[in-house]
Amino acid sequence: MNAKQKILAAIRRQSPARPSLPSLDEAWIEYPDAQAQFAAALASVGGQVVEAASFADLPAVIAQLPPMEQAAKIVCTVPGLPLGNCVLDEVADPHELADVDVAIVAGRFAVAENGAVWVEAGRLRHRAVCFICQHLVLVVPQSQVLHNMHQAYQRLTFTEPAYGVFISGPSKTADIEQSLVIGAHGARSLTVAMVAGWEGV
Amino acid sequence: MSNELIVTDHAKAAAEFVRDDARAHWHDQALWFVRVKRDRMAQSLPEWETLRAKAAEIKAHTVGHLADYLEQFERQATALGAKVHWAADAAEHNRIVLDILQRHGVRQVAKSKSMLTEECHLNPFLERHGITVVDTDLGEWIVQLRGEPPSHIVLPAIHIKKEEVGELFHRKLGTEAGASDPKYLTEAARYKLRQVFLESQAGITGVNFAIAETGGLVVCTNEGNADLGVSLPKLHIACMGIEKLIPRAADLGVFLRLLARSATGQPITTYSSHFHGPAPGGELHIVLVDNGRSSILGNDDYRRSLHCIRCGACMNTCPVYRRSGGHSYGATVPGPIGSILNPARDPGRYATLPYACSLCASCTDVCPVKINLHEQLLTWRRDLAAAGKLSWSKRAAMKVTAAVFARPGLYRLAGKVARFCLRHMPRVLLYGPWNPWGRQRELPQAPRRSFREQYARRPKP
Amino acid sequence: MPRVGLFIPCYIDQFYPEVGLATVDLLHRFGCDTDYPTAQTCCGQPMANTGCVKQARPLAQRFVEIFADYEYVVCPSGSCTAMVRHHYEEYFHGDAAYAKIRERVFELTEFLVDVLGVQRVEGSFPHKVGLHQSCHGLRELRLGRSSETVGPAFNKTRQLLESLEGIQFAELTRPDECCGFGGTFAVNEEAVSCMMGLDRVHDHLQAGTEVLTANDMSCLMHLDGLIRRQKKPIRVMHVAEILAGCAIPPAPQG
């Protein structure tokens with residue numbers, strides 16, 4: 001018997017109770033102002049929100065962000081947003097992204113309860129860019145702010161190979177005497193650019 | 001220094017820990033603060049108790065159908081292009097991981113936090129076979145550099161002061177002598193570990209949740225080290241205990257709302273990565289590990305301990321854990337849940353753990369999946385006593401006391417004698433090394449007459 | 001008149017009879033007829049908590065026989081009550097006599113509030129009271145909302161104490177952390193037990209507690225032992241004594 005058969009047989013030999021799966025249909029929390037809640041939640045984890053009145057205003061809004069000032073290498077994967085000077089699709093090896101200063105990536109939706117943005121980084125040639133960059137900017141349609149994680153999972157189906165990640169704020173650690181330090185291994189800063197009048201990528 | 005802990009006498013280790021009063025209070029306060037943050041998060045969600053109840057039901061259902069869900073998970077994950085391996089025990093897990101690494105010619109691995117790999121002692125096994133393993137979670141890296149095990153499953157270096165980290169980094173990384181600013185030290189770690197991510201040929205992660213319905217894996221970190229570790233090299237090995245399964249992707253709504261709030265008092269970890277199949281051009285290997293879990297599943301009393309999502313909230317709330325430190329448990333998983341899981345593995349070695357507890361039940365009240373921790377700890381005491389693991393003196397004391405209590409006349413006499421001694425014996429006889437109560441406490445002031453004597457003398461209404 | 005069988009814990013019988021007498025006074029005041037079955041000794045908790053089921057079983061069986069015929073069984077201890085209500089099942093497995101008792105055994109304050117419907121207790125207690133939340137009473141009998149859980153605030157013991165004239169409550173930094181008694185834990189893990197107890201004492205000192213009280217004399221025995229050794233100016237009284245209008249004891253001599 002191989003390990004799989006051994007393990008499954010060992011489990012099936014037991015007869016624990018087999019309760020049914022509960023329904024997830026409950027009145028989960030909703031906020032009077034999901035945008036404001038998202039901004040507050042993101043701020044509490046060290047991120048920040050900036051707003052663009054339209055997609056056309058976005059380049060100016062992002063260009064003004066502090067990390068952009070000294071940025072030498074910028075990757076932008078948002079179609080129609082000419083802010084990058086390094087085209088991700090032309091990078092052969094993700095190791096070459098080690099010196100990326102700013103990455104600007106689209107997020108599909110945001111979650112008010114915890115300041116998280118769902119990023120389908122698996123669609124990018126190199127998902128690593130979201131983690132290896134020094135500063136991350138996520139571009140999100142303002143109309144796509146959900147209240148809670150249950151609503152988030154109602155939006156998501158996983159039927160094919162894919163990689164997605166909820167990103168909430170910049171990377172951080174409190175592993176040294178519980179002192180919060182922003183910027184552990186991933187991005188040192190996280191800005192969410194909320195764009196009005198845009199339905200996303 | 002060896003990574004193996006030999007301390008299994010919790011009381012002795014705890015007494016040692018408490019001896020450094022200032023440090024013990026510092027440790028206690030640090031963990032209490034995490035508990036307070038957790039409370040704030042819980043109070044901010046009116047549906048908190050509903051979430052806990054749902055989580056408990058989902059886990060009970062999953063464990064009740066575990067074999068079916070494991071098979072479903074394997075089918076789905078394989079269909080996505082992942083390779084699923086099964087390991088009956090720790091040794092098999094280690095061999096599987098080694099084999100995968102060797103076949104790919106891996107010389108160095110970046111590993112993100114995985115209590116399962118700690119449980120299997122993967123690191124020393126790989127090192128013995130000439131593969132370098134770097135633990136990339138900052139707290140894990142710190143204890144790895146110190147050559148000691150983590151003392152908490154979520155906050156591995158909670159027992160270490162920043163000056164000690166500074167001194168460690170000075171020796172190992174060449175940071176400035178005497179520097180202890182966490183920002184400076186973290187920056188040094190960022191720089192050094194970045195090299196590791198860029199130079200490693202493989203990444204190993206744990207698994208917070210595996211989704212049976214979709215064949216996906218969820219890994220949660222604050223630092224981004226899991227993603228960096230597996231998005232640069234082409235090889236990702238994910239190691240998980242078989243109890244990490246959940247049935248549906250929608251169930252993540254419940255668990256991701258509970259996990260970080262319970263663990264660190266934040267609404268969600270910075271990164272919650274959902275892996276469905278390997279990256280294009282890459283390989284994803286998933287190792288499913290039993291290592292005693294299927295036998296716990298067979299035990300009505302302890303089955304619910306398999307619901308554990310390894311959040312560490314029970315450790316943060318445990319007044320004993322806070323004042324004795326994770327190392328005093330001598331096991332990979334310490335604290336209340338550890339005191340239930342470890343005796344199952346080795347009752348002789350871990351017999352003192354269920355007694356490292358005042359039965360306050362705070363652990364049960366914080367557990368996001370509503371494991372009846374304090375009840376299982378009590379049940380362990382019953383099982384250990386029945387298996388003859390109680391010390392002779394404890395057994396004798398209980399036999400004598402029970403015999404006295406079974407005989408009212410003898411009980412009354414014993415009470416009279418005790419009160420007489422308390423009132424008349426000189427201090428030097430009452431308080432000595434034979435009286436552990438009296439080391440730091442006064443004994444009760446004994447009355448001349450017991451309640452029953454006084455009640456009997458009362459005029460009847 | 002409700003007929004109450006008095007369940008007086010062994011250590012109260014022998015070392016803190018005044019707590020038992022205060023319990024009797026309270027029950028009489030609220031219209032109960034009390035009886036003290038003298039055959040009782042101990043509910044078996046120390047044995048059960050050590051895992052010595054064989055030694056606990058006969059004591060549990062004695063208990064159920066002794067208290068079989070009372071309308072109510074009332075006990076000035078959360079942990080002893082919890083023992084009977086929650087931890088006796090394994091000795092009885094559906095036995096009818098035990099099932100009957102389980103429905104009728106109450107800790108003192110829950111009996112006053114839930115069964116007798118007492119809303120206020122007449123009397124004055126112009127002191128700052130530090131209410132220690134004994135763990136079994138709080139998290140097993142649910143005498144109040146524990147700080148870990150989310151829901152409407154309530155606390156049966158505090159509710160009764162609050163009705164006393166002049167009473168004030170000390171605000172603790174950790175309102176329901178365990179005192180560290182834990183039965184044999186107090187002796188087997190003496191170092192941690194005393195560190196926990198001293199931390200409680202310091203919390204009460206910083207909060208200005210004059211009188212430290214609780215539902216369980218076992219917690220108070222441990223805390224009082226520490227307070228008297230440290231010669232701290234905190235007096236210790238059981239909740240029954242405060243509610244019954246007993247005088248406060250003298251402060252430890254500093």
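This is a predicted model: local features need pLDDT of at least 70, side-chain atom pairs count only at pLDDT 80 or more; totals for chains, interfaces and linings use all residues.
Good morning. Between chain C and chain B, the count of salt bridges is 12.

Which element of chain C gives the most to the side that touches chain B? That element is helix H12, residues 190-207 of chain C, with 9 residues. By class, the residues on this side of chain C divide into 33 nonpolar, 21 polar and 16 charged.

Let me turn to the extent of this interface. In contact with one another are 70 residues of chain C and 76 residues of chain B. The size of an interface is often given as the accessible area lost when the parts come together. For chain C and chain B, the buried area is about 6,400 Å², and 59% of it lies on carbon and sulfur atoms.

I now move to the other partner of chain B. Here 68 residues of chain A are in contact with 93 residues of chain B. Chain A and chain B bury about 6,800 Å² between them, with 62% of that area on carbon and sulfur atoms. There are 2 pairs of chains in contact, and of these, chains A and B share the most contacts.

What of chain A and chain C? No contact joins chain A and chain C, and their closest C-alpha atoms lie 15 Å apart.

Within the interface of chain A and chain B, the rule finds 8 salt bridges. Among them is the salt bridge of Glu74(B) with Lys4(A), where the closest N and O atoms are 2.5 Å apart. The count of residue pairs in polar contact between chain A and chain B, both at pLDDT 80 or more, is 38. Several elements of chain A give two or more residues to the side that touches chain B, including helix H5 (129-132), helix H6 (149-155) and strand S8 (162-167) of chain A. The largest share of this side of chain A comes from H1(A), with 8 residues. By class, the side of chain A that touches chain B has 37 nonpolar, 19 polar and 12 charged residues.

In which sense does S8(A) pair with strand S9 of chain B, residues 271-276? The two strands pair in the antiparallel sense, over 6 bridges. Within this pairing, the bridge partner of Gly164(A) in S9(B) is His274(B).

As for chain B itself, the domain assignment gives domain 1 (45-291) and domain 2 (406-456). The centres of domain 1 and domain 2 of chain B, taken over C-alpha atoms, are separated by 55 Å.

Let me next consider the strands of chain C. There, 4 strands form an open sheet in the order S6-S5-S7-S8, and the pairing is parallel. Strand S6 (168-169) and strand S8 (235-238) of chain C stand at the edges with a single partner strand each, so one side of each has no neighbour in the sheet. Strand S7 of chain C, residues 211-214, runs parallel to S8(C), and 4 bridges join the two. In this pairing, Val211(C) stands opposite Arg235(C) of S8(C).

Elsewhere in chain C, strand S1 (residues 3-6) runs parallel to strand S2 (residues 33-35), and 3 bridges join them. Gly5(C) stands opposite Asp35(C) in S2(C). S1(C) is also joined by 3 bridges to strand S3 of chain C, residues 72-75, again in a parallel arrangement. Opposite Leu6(C) stands Val74(C) in S3(C).

I close with salt bridges, where I began. How many salt bridges does the rule count over all chains? The count comes to 60. One salt bridge lies inside chain A, where the side chains of Lys73(A) and Asp99(A) meet at 2.7 Å, N to O. Lys73(A) lies in the loop between helix H4 (66-69) and strand S2 (74-76) of chain A, and Asp99(A) in the loop between S2 and strand S3 (102-106) of chain A, so this pair ties together parts that are 26 residues apart in sequence. Thank you for your attention.

Methods
Residues are numbered from 1 along each chain as its sequence is written. Chains are lettered from A and ligands numbered from 1 in the order in which they are written. Side-chain values use heavy atoms; hydrogens and water are left out. Contact means heavy atoms within 4.5 Å. Buried area is the accessible area (1.4 Å probe) that two parts lose on being put together, summed over both. A salt bridge is a side-chain nitrogen of Lys or Arg within 4 Å of a carboxyl oxygen of Asp or Glu. Ala, Val, Leu, Ile, Met, Phe, Trp, Tyr, Cys and Pro count as nonpolar, Asp, Glu, Lys and Arg as charged, and the others, Gly among them, as polar. Domain bounds come from an automatic or database domain assignment. A polar contact is a pair of N or O atoms within 3.5 Å; within protein, one must be able to donate a hydrogen and the other to accept it, and residues adjacent in sequence count only if both atoms are side-chain atoms. Two strands pair if DSSP finds at least two bridges between them.
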